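Hi everyone, thanks for coming. I'd like to walk you through a structure that may be new to you, so please have a look at the screen.

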Amino acid sequence: MLSSVKMEVRDGLLRFPEQLKDQFLQTGDLPLWDGRRVSPAQMWYFLTEEAPRSFPAFYASKHNMIMGPSLPFHVELLSQLKLYYLRLTQRSCAEAKRKAGWALTLVNGGPLLDLYFGAHVIPMRPGSMSSLMLMESAEGQGATDLSATLEGIIDDGASRTCSDVCRQIRTHSGIRRRLVSVDLLAPYTAMRCSDIAYLVEWQRAGRMDLPKRLIDYPWDHDPSKPWKVKYVAQSQRETVKMIDQLTGRHTTDEDLRAAIIQMNRLRKACRELLRLWRAAPLPPVSSQLLNECENKAHDACQGADPVALARVFLEMHDETKEMVAHGVRGITVSPHPARLWMSGSCASPQATAVERSGGVVLGRDDRWGSLLANVDEDGDPYDNIARAVMSNPYEQPAEKRALWLVEEARQTRANGIIFAFQWGCNYQAAISRLMCDVAKTVGMPAINLEMDSLGRASTSEQINNRVTAFIEMLGGVAVSG
Ligand code: SF4
């Protein structure tokens with residue numbers, strides 16, 4: 001079992017300490033979607049030699065307000081290194097897939113990604129696409145230069161649309177400036193998100209060359225009505241036909257079933273890891289790390305390699321189980337934390353800041369809702385995916401979603417819920433008060449938290465102050481020192 005190891009700092013950059021090397025080299029290979037394997041020695045070389053040279057901004061030892069946290073200050077699990085390997089190879093992984101004939105596609109925050117993987121599409125949600133864009137711009141750049149570049153992209157997009165358009169303007173602005181070579185925009189419409197459809201429409205004027213396809217999604221989300229499943233499935237079929245025209249291949253039902261099997265494995269591996277962590281008397285590793293796992297699983301490894309990510313989760317599970325058996329408490333976790341669930345979409349206070357104030361983040365409802373899906377592997381894959389997308393508890397009417405979240409919170413011994421939303425996110429802003437009222441009516445403390453960071457990773461003072469006050473109210477005690 002690894003004891004938490006502090007990262008070294010050299011020349012202003014974080015470095016993985018040499019003392020981790022021997023133990024890490026004894027761990028297993030990482031299997032990839034295309035059948036290749038990466039050895040621990042290759043990963044170690046990449047993380048300690050290649051990546052710091054190519055992406056110095058991600059190794060910066062000071063947190064950056066625009067880019068957000070780069071690497072952690074402590075390594076808590078050996079398998080954590082593999083997670084960072086996957087994060088830092090996102091770009092090369094996408095390039096390899098494109099060379100093999102896959103199309104790069106912008107999708108949206110909610111739906112399952114099985115359909116896209118089955119059709120040989122690299123599906124990137126706005127956050128994943130934004131991260132790819134960051135990697136495209138980051139080669140050789142220091143954190144300050146990269147921040148300035150990103151700030152310009154955000155401002156340019158906002159000035160061409162409206163000042164309070166939501167944070168995904170960064171992604172769309174980058175696509176419009178051709179910072180990433182996107183082949184298709186193919187999100188679902190009318191789900192959790194107001195701005196995705198708006199910004200896809202915006203691209204019709206700026207990127208007329210780019211194919212666009214909105215998968216239509218009915219407002220009444222009841223999957224028990226067969227016509228709705230058929231309606232969404234038909235829209236998915238037409239999207240796959242469009243993708244096939246781009247890739248020049250013919251997607252079969254077997255391709256989709258194979259993708260469903262891989263994605264079910266990924267969701268299950270992450271669910272079991274998160275349940276183990278949440279059930280521990282005190283969190284054995286930081287909530288920042290577990291939140292990153294939840295994000296990566298929801299985004300299917302930022303659209304890159306779900307097979308490799310599932311293996312990382314299995315290794316993390318084994319390591320975490322041993323820590324729980326030994327009663328380990330995460331180095332950044334308070335002995336008396338307030339246990340919190342985050343609700344909302346696309347926005348959340350940073351888990352590191354929450355921990356500093358004496359809280360821990362147990363999960364986010366937008367991520368957790370999609371991880372609960374287990375798509376049927378037999379029968380018509382389009383119908384099965386449509387049914388699973390429509391059954392996501394997060395996508396239900398607001399009152400039903402709130403009651404589901406309260407139940408999840410109770411089962412994980414949570415003390416409260418923070419409903420966070422981006423300024424400019426019309427749907428989530430509109431239901432925030434309702435969600436919190438429902439939660440409070442059934443006895444679960446909850447607060448609304450507007451965030452205005454517009455794609456920047458800053459946790460500004462007013463956000464911190466309100467989160468800290470809520471944690472104090474719930475009895476959380478900050479870590480001293
Ligand atoms: S913040 Fe809201 S409007 Fe923006 S991408 Fe997320 S869900 Fe959509």
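Let's begin with a helix pair: α11 and α12 cross in a left-handed way. Please keep in mind that this is a predicted model.

Who makes the contact between them? On the α11 side you'll find Leu-266, Arg-267, Cys-270, Leu-273, Leu-274 and Trp-277, and α12 contributes Leu-290, Cys-293, Glu-294 and Ala-297. Sorted by class, that contact holds 8 nonpolar and 2 charged residues, with no polar ones.

Now, the geometry. Two packed helices are described by the angle between their axes and the distance between the axes. Here, α11 covers residues 253–279 and α12 covers residues 287–298, and they pack at an angle of about 160 degrees with their axes 10 Å apart. Angles over 145 degrees count as roughly antiparallel, so α11 is roughly antiparallel to α12.

Let's step back to the whole chain. It is divided into domain 1, residues 103–251, and domain 2, residues 336–481. Between the C-alpha centres of domain 1 and domain 2 there are 23 Å.

How many residues of domain 1 are in contact with domain 2? There are 27 in domain 1, and they meet 27 residues of domain 2. On the domain 1 side, the elements giving two or more residues are α5 (114–118), α7 (143–160), α8 (169–176) and α10 (226–247). As for classes, the side of domain 1 that touches domain 2 has 14 nonpolar, 8 charged and 5 polar residues.

Technical notes. Residues numbered from 1 in each chain as written. Predicted model: local features only at pLDDT ≥ 70, side-chain atom pairs only at ≥ 80, totals over all residues. Axes fitted to C-alpha atoms, helices over the stretch in contact; angles between N-to-C directions. Helix = DSSP H or I, 4+ residues; strand = E, 2+ residues; numbered from the N terminus. Parallel < 35°, antiparallel > 145°, perpendicular 65-115°, else oblique. Left-handed = near helix turned anticlockwise from the far one by under 90°. Contact = placed C-beta atoms within 7 Å. Nonpolar A, V, L, I, M, F, W, Y, C, P; charged D, E, K, R; others polar. Domains from an automatic or database assignment.
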